[in-house]
Amino acid sequence: MTAPFDTLQQPRPAYAPIAVQCAHCGAPLQVPDERAETIVCSRCDSRCRLTGPQRDALELVGPGKGQTGTRFDLPLGQSFRWRGTRYEVCARMLWVEENDPAYSTRVYVLYHPRRPLLFLDEYAGVWGLMHKVHYALMGRLEEVQAGRRARTFDGRKWTCSEVVYRDLWHIDGCLPWRAEVGDSVVAWEFDGEDGARLELEAVDGERELNEGVVLTADQLRRAMPDVQLKVGTAPRPVHARLRDARLVMAAGAFGLVLNGGVLATTLGSGKQVHSEQFSAQQLSEEATSKPFPLTGKGLVSIELDSNVDNGWMYAQVALVQGDDAVVHVTDADISYYHGVEGGESWSEGSDSATLWFRGAEPGEYRLHLKAVSGLGETESALASQHGLRVVVVEGAHRSIWAIAGLVGSVATILLGFLLYKGLKDQED
Amino acid sequence: MSFDRVQCPSCGAPLPDRNPGIVVSACAHCETVVAWDQDAARDSGHKSRLPQGFTRLYTGAVGELKGHRFVVLGRVRYSYGPGFWDEWCCELHDDGAADRTRLWITEDDHELAAETGRGAMALPGPQELRPGARVDAHGKGFVIEEVGRAECIGIEGQLPRDVLPGETYAYADGSSPDGRYSIGIEWDRDDGQATVFVGHWVNPDTLSLDDEGLDW
């Protein structure tokens, strides 16, 4: 026969921190947990080791808590409420990468007497919360580098964002392990789906895996309503940005192919319906072309090819239906200059231009043309000194958009490549 | 209903109601560790007092794990050198069940793992196991996380295990690669036989106690 539950049930023993005195200055200190191993005196900054089964014996280990003047956003003892449970900051640590304080991670150890520790960390204004896990990483850790994919045995996929070497520069409060300024760790940081983070730390041959999340400003506010924090946004992981850069390059390549195809198609498109040469004298007096038919399908392009050479031409062109029904009037500035300067040849402008018309009804049309032109620096003229060849094409496509698309595609590929290269350099 | 009413052989204080299979008790009054010897209480010559208030479980706690009600009968605290862990002996009590089964919940750095003894297994000795080694036990694969030597530094309550303060044994523990299951291995100090405990890591939110003591 066994004893019933009610005879065995007991009230919960009360929790009370352990009272000790600093081994160096005698200041009264409070040890929050019987598992504590390291405590830094809040008065004299001496670092003591806690020993004995009751953790009430202090042994002076060394002076100082490390880097003086270290700024922490949260004080020791700060309350942090997470999933209905209140934790307190029992220790603070400053970890520095590559001996460069610009790359500092502040870790706040969150304590509850009856729950596993949580680790609140802050790097460049981005806050995260981590806890220890027991699953393992597949494959050999030595082969894991930044950008590499990895899987854990619980079936999740991760991407290594960084492999970092950190040194402990500052410590205060009380910790359940032995720690001292100068301790080093190497950490593999991974990004998972939905903002999940994974960090594997290797210290003296031991490996510890912690999983967590990036905290939002709202989560931090709810966890610590009494604290105002500047919260940054987590940068997108390098591997994700590399993927973006590859996507940009792929989009550029796609645009290149597409616009190249469009350009190849448009360059030879349309049907020539009229071609005529006009002399300088004709143009000066206002010339009328021979009639030509238009079916009204698609765009009409009028290509003007002049023999302007180191000079300019201003031409007015009217599309006339029948004998005198003007349906569209436009003009064109043509200028072409070239030369040799300092041993190098140069040129600017073009001796041709293309005009576009849309919406012509089916019928017979003519062109009315009048032009003036000049040579060199002449700014005005009363007559044309140059002739003009006019070609009318119906059903043409404006290849300018395809050309612009091609240029844009090349620029996109270049941008993607520069992004990719920059990220790769950063990753290295 | 009657129970074996026993007094502490050292101070005469009444010991808790004795449950079947209990082989060691700690007197709450004088801290004497009492061993049951041929149905008689014997003073083991050891005293034991463990700190209170720093653990989630406690002797006399009643709670529920995965739908099973349990009561904590007692604990053993083992030291591994720089630190220690507790092994809580729990008795399961499901409504309608005639027998009560026992479960050990390990509490290490406030992490909980619920394990049951799976008996002896032919395993390599502790000298041959290293952290990272793979061990197959009861149809599951495990990765050893820690190998060391444990010393019992105290007991409290009632225990169905013959363990006294000062005793040492070699141990190893680990997890299944997916992090769900846990394993504990103890090597007998006399014959070197390995006893295996297999269980699962307990998500703190899946275990509830009638008195959680969340306000601290």
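**Reading strands, rings and surfaces in a predicted model**

Trainee: What joins strand E4 (residues 62-65) of chain B to strand E5 (residues 68-79) of chain B?

Mentor: There are 4 bridges between these antiparallel strands. Two strands pair if DSSP finds at least two bridges between them, so E4(B) and E5(B) count as paired. Strands are DSSP runs of at least two residues and helices (H or I) of at least four, numbered from the N terminus. Please keep in mind that this is a predicted model, where local features need pLDDT of at least 70, side-chain atom pairs count only at pLDDT 80 or more, and totals for chains, interfaces and linings use all residues. Residues are numbered from 1 along each chain as its sequence is written, chains are lettered from A and ligands numbered from 1 in the order in which they are written, and side-chain values use heavy atoms, leaving out hydrogens and water.

Trainee: Which residue stands opposite Val62(B)?

Mentor: Val71(B) in E5(B) does. E4(B) is also joined by 3 bridges to antiparallel strand E14 (residues 207-209) of chain B, with Glu64(B) opposite Ser208(B).

Trainee: Why is the pair of Tyr78(B) and Trp85(B) called tilted?

Mentor: Rings of Phe, Tyr and Trp (its six-membered ring) pair if their centres lie within 6.5 Å; planes under 30 degrees apart are stacked, over 60 edge-to-face, and the rest tilted. Over all chains, the structure holds 9 aromatic pairs. In this one the centres are 5.4 Å apart and the planes at 35°, so the pair is tilted. Trp85(B) and Tyr171(B) form a tilted pair too, at 4.9 Å centre to centre and 50° between the planes.

Trainee: How do you know whether Trp85(B) is buried or exposed?

Mentor: Buried means under 20% relative accessible area, exposed over 50%, and partly exposed in between (1.4 Å probe, protein chains only). Trp85(B) has 6%, so the residue is buried. Tyr171(B), with 3%, is buried as well.

Trainee: What makes Phe254(A) exposed?

Mentor: Its relative accessible area is 58%, so Phe254(A) counts as exposed. This residue has its place in helix H3 (residues 238-267) of chain A.
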